[in-house]
Amino acid sequence: MRTFSRLDRIIDQLDQGLKSVLVPPPADPYPETVPREQDGLSPEERVLGGRLMRVNHAGEIAAQALYQGHALCARDAHAYDTLRTAGRDELQHLHWTAARIKELKTHKSYLTPVWYLGSFAIGATTALLGDKVSLGFVAETERQVIAHLQGHLAKLPATDQKTRAIIEHMAADEARHAASAMEAGGQPLPWPARLAMRLAARVMTKTAFWI
C-alpha cells in the first residue's frame, strides 16, 4: 500500500475533483454486459429514464465529493486507501450516468456545484470525527443509495433495458463499497444521523429530478 503525505492527498483529491466535474465521459464508458442497442422507448419513457439518470448523476457528484472530503481528512493510511479506491470506482458511475443522460437527450442537474460543494463539506466535517465514524458514514450512505437505486428499478419500464443494466451495476458496486468501508473499521451510525442523511438525500433527489 502506498503511503500518501498530506500534500500527496491534496494533489490526488484535487485531481479526482477536476475529473469528476470537468472531464467528459469516454465515448463508450459502459461495462460489456450493458446492452448497446436501445429500442422501443416512448417519449414518456425517455423523459422518465432521463430524469432518473439525472438524479443518479447528482448522487454520483455528491458521492465523489463525500469520498474526497473523507479521504482528504482521513488519519489512517488504510482508511485513505479504502476511500480513494471506492472514489475512483464511483467515477465510473459518474461517466455511465452522464453518458446515459446524453443518450436520453436531457440535461444534468443545474445545481451540480451545490451538490458537490455541500457534499464535500459534509464529508470533510464528518471525517474530523475520526476514521471509524467517517467509514461508517460512507457505509450508511452506500446502503441508502442501494435502496434508492432499487426504487428506480421499480419505476423503470421493462423496455428500458440499458438504463436498468446501468443501475444494477451501480447497486452491486455500492454494496461492495459499503462492505469495504465496514471491513476497514467503520462503525454503525446512530439512528438520528441515519435519519438526517435520509432527509438530506430526499431533498437532493426530489430537486434533481426536476432541476
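## Salt bridges in a predicted model

Glu140 is buried, with a relative accessible area of 9%. The structure described here is a predicted model. The side chain of Glu140 meets that of Arg143 in a salt bridge, at 3.4 Å from N to O. The two residues stand three residues apart in helix H5 (residues 131-155), which means that about one helical turn separates Glu140 and Arg143.

Asp173 counts as buried at 15% relative accessibility, because the limit for buried is under 20%. Arg176, at 40% relative accessibility, counts as partly exposed.

The pair Glu103 and Lys162 forms a salt bridge between side chains, at 3.3 Å from N to O. This pair links distant parts of the chain: Glu103 belongs to helix H3 (residues 77-103) and Lys162 to helix H6 (residues 161-183), 59 residues apart. Lys162 is buried, with a relative accessible area of 7%, while Glu103 is partly exposed at 28% relative accessibility. Both residues take part in a network of salt bridges that links Arg100, Glu103, Asp160 and Lys162.

The salt bridges of the model number five in total.

| Salt bridge | N to O distance |
|---|---|
| Glu103 and Lys162 | 3.3 Å |
| Glu140 and Arg143 | 3.4 Å |

How values were computed:
Residues numbered from 1 in each chain as written. Predicted model: local features only at pLDDT ≥ 70, side-chain atom pairs only at ≥ 80, totals over all residues. Heavy atoms only, no water. Salt bridge = Lys/Arg side-chain N within 4 Å of Asp/Glu carboxyl O. Helix = DSSP H or I, 4+ residues; strand = E, 2+ residues; numbered from the N terminus. Buried < 20%, exposed > 50% of the residue type's maximum accessible area, 1.4 Å probe, protein only.
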